[in-house]
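Subject: Handing over a structure

Dear colleague,

I am passing on to you the structure below, together with some notes on what was found in it. Please look it over before reading on.

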Amino acid sequence: MAYFNFETNPKLSETFEESISPDYHIIVAGSLLGVAVNRTKFSFPVGKVDMKTLYPMDMEEFMLAMEENALVEQIKKCFASDTPMPSALHTAAMQLYRQYLVVGGMPECVMQFVQTRDYILVRHTQDTILVSYLNDMSKYNNLNEIKKPDLLMITSQFSFQRKILVFSTN
C-alpha cells in the first residue's frame, strides 16, 4: 500500500496518468472537499472514476471483527423466530453493544480495539482522525467561514442528549 498526495505534487499526477498501466486496479479514498470548494483550481476526472460510498462498520460487522460469529448467528436466529435470547447471550450482546458505542465503526479504531482492548489507544485514534478531518477542512477554508473551534463545538454538541444541532455564524 502506498500513499500519494497529488494536490501537493502536480508532476506526480502527470506521471500517474501517463505511466500507470490499465492492468493495475487502484483504489483512492477521499472527501472530494477540495474539488467541491475550489472548482476553479481543481478539476474532477469525469469518466475516470467509479464512485463508491463507504460507511462506518455497523454493529454486526463489529461483532464479526470481535470474532463473535456464533453470537451474531444466534441473534439472527432469535430475530427470525421472534423468540427472546437466552439471558447469558443477551448480556454478552449488550456488553459488545456498549463496547461498540465507545469504539465506534471506524475500521482503524475497531482493528486497534480487537488487537489491544485498549480504550485509551482507541480514543487517541479517534482524536487523530478528527484532527485530520479538521485539518483537511481548514485547508480549503480561505475565507475563514468556519473556524476550527466552531467545528469542535459541532462535534461536542453531538455528545449531548439534544435532538437539534444549534450552529451560528455569529
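A disulfide is counted where a pair of cysteine sulfur atoms lies within 2.5 Å. This is a predicted model, and a search of the whole structure finds zero disulfides. As for the cysteines Cys-78 and Cys-109, Cys-78 counts as buried at 6% relative accessibility, and Cys-109 counts as buried at 0%.

A search of the whole structure finds three aromatic pairs. In one of them, the ring centres of Phe-62 and Tyr-100 are 5.4 Å apart and the planes are at 55°, so this pair is tilted. Because Phe-62 lies in helix H3 (residues 59-65) and Tyr-100 in helix H5, the pair ties together parts that are 38 residues apart in sequence. Phe-62 is buried, with a relative accessible area of 0%, and Tyr-100 also counts as buried, at 18%. The rings of Phe-113 and Tyr-119 likewise form a tilted pair, with centres 4.9 Å apart and planes at 50°. Phe-113 is buried at 1% relative accessible area, whereas Tyr-119 is partly exposed at 36%. Phe-62, Tyr-100, Phe-113 and Tyr-119 form one aromatic cluster, and the charged end of Arg-117 sits over the ring of Phe-113, 5.7 Å from its centre.

Tyr-119, which lies in helix H7 (residues 119-139), also belongs to a nonpolar patch on the surface, formed with Tyr-97, Leu-101 and Val-102, and the four together have about 380 Å² of accessible area. Helix H5 (residues 87-103) gives the largest share of this patch, three residues.

With best wishes

Technical notes:
Residues numbered from 1 in each chain as written. Predicted model: local features only at pLDDT ≥ 70, side-chain atom pairs only at ≥ 80, totals over all residues. Heavy atoms only, no water. Patch = residues over 30% accessible without salt bridge, like charges linked within 9 Å, V, L, I, M, F, W, Y side chains within 5 Å. Areas by Shrake-Rupley, 256 points an atom, 1.4 Å probe, with all protein chains shown as cover. Salt bridge = Lys/Arg side-chain N within 4 Å of Asp/Glu carboxyl O. Helix = DSSP H or I, 4+ residues; strand = E, 2+ residues; numbered from the N terminus. Buried < 20%, exposed > 50% of the residue type's maximum accessible area, 1.4 Å probe, protein only. Phe/Tyr/Trp six-rings, centres within 6.5 Å; stacked < 30°, edge-to-face > 60°. Lys NZ or Arg CZ within 6 Å of the ring centre and 35° of its normal.
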